[in-house]
Amino acid sequence: MPTACLGCPVEYILFPLLTVTASFIGTNGRIQINDSLEERAIVWFNVCARKGQKKTAALNVLGRPVREIEQDLQIDFKQENPEAQDKDLPRLLVDHFSFEKLHHVMSQNNNKVLGAYDELTQFYNMFDHYKTNSTLDRKTLFAHNGGAQWTRDFKTVQRQSDSTCLNITGFIQPAYVVKLLSQDDFDGFNDRQLHVCPVERDQLVMIF
């Protein structure tokens with residue numbers, strides 16, 4: 001069992017794995033809740049964990065096979081498109097992005113991508129940092145959570161994605177979750193995120 005080798009709770013693997021699975025379903029399928037309700041395969045699952053709890057190691061276990069599949073796709077793409085540049089290669093996984101780059105990456109990959117972070121606190125703090133309108137990034141991500149259409153105007157062209165599938169997973173500081181829940185969630189953005197708080201395992205300390 002990977003978690004036994006890593007020394008981390010099983011939730012560190014299980015819940016991000018659900019998000020990875022949803023990402024591979026992408027825009028090609030939907031999840032049937034019941035006979036009258038279907039939802040897009042979009043899951044934002046945040047695992048609450050403090051520093052030093054094997055977060056990065058757990059994320060690497062999940063990310064490795066995704067990276068391997070991504071490399072195979074890129075090799076095939078290069079063989080079919082020998083003049084392609086690195087920015088044109090298909091990608092399944094991102095860990096940092098601007099919204100301009102995110103739009104380009106998704107357009108190269110059937111409008112879907114997986115965002116994986118070992119520190120989601122930094123990711124959320126990045127929102128709207130350079131915007132005069134303090135809710136632009138938040139509104140964009142809120143729309144992605146529902147798989148909405150995404151249109152962006154660039155200097156020379158307008159690009160449109162009919163439907164999107166942005167899945168996000170990773171680890172977040174428990175104190176930041178408390179901050180999110182205590183804020184005025186005027187648009188329901190915070191309610192769209194799923195949080196799990198596993199019991200931390202005791203850390204083995206070696207003294208020499």
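Here's a quick briefing on the fold and salt bridges of this predicted model. Local features need pLDDT of at least 70 and side-chain atom pairs count only at pLDDT 80 or more, while totals for chains, interfaces and linings use all residues. Residues are numbered from 1 along each chain as its sequence is written, and side-chain values use heavy atoms, with hydrogens and water left out.

**Overall make-up**
- The protein chain has 7 helices and 9 strands, taken as DSSP runs (helices H or I, at least four residues; strands E, at least two) and numbered from the N terminus.
- Of its 208 residues, 43% are buried (under 20% relative accessible area; exposed is over 50%, partly exposed in between; 1.4 Å probe, protein chains only).

**Salt bridge across the sequence**
- The whole structure holds 3 salt bridges (a side-chain nitrogen of Lys or Arg within 4 Å of a carboxyl oxygen of Asp or Glu).
- Glu-119 pairs with Lys-55, with the closest N and O atoms 2.6 Å apart.
- Glu-119 sits in the loop between strand S5 (112-117) and helix H5 (120-125) and Lys-55 in helix H3 (residues 55-80), so this pair ties together parts 64 residues apart in sequence.
- Both Glu-119 and Lys-55 are buried.

**The other two pairs**
- Glu-70 bridges to Arg-67 at 3.4 Å between the closest N and O atoms; they're 3 residues apart in helix H3, so about one helical turn separates them.
- Glu-70 counts as buried at 7% relative accessibility, whereas Arg-67 is partly exposed at 29%.
- Asp-88 pairs with Lys-87, closest N and O atoms 3.3 Å apart; Asp-88 is buried at 18% relative accessible area, but Lys-87 is exposed at 52%.
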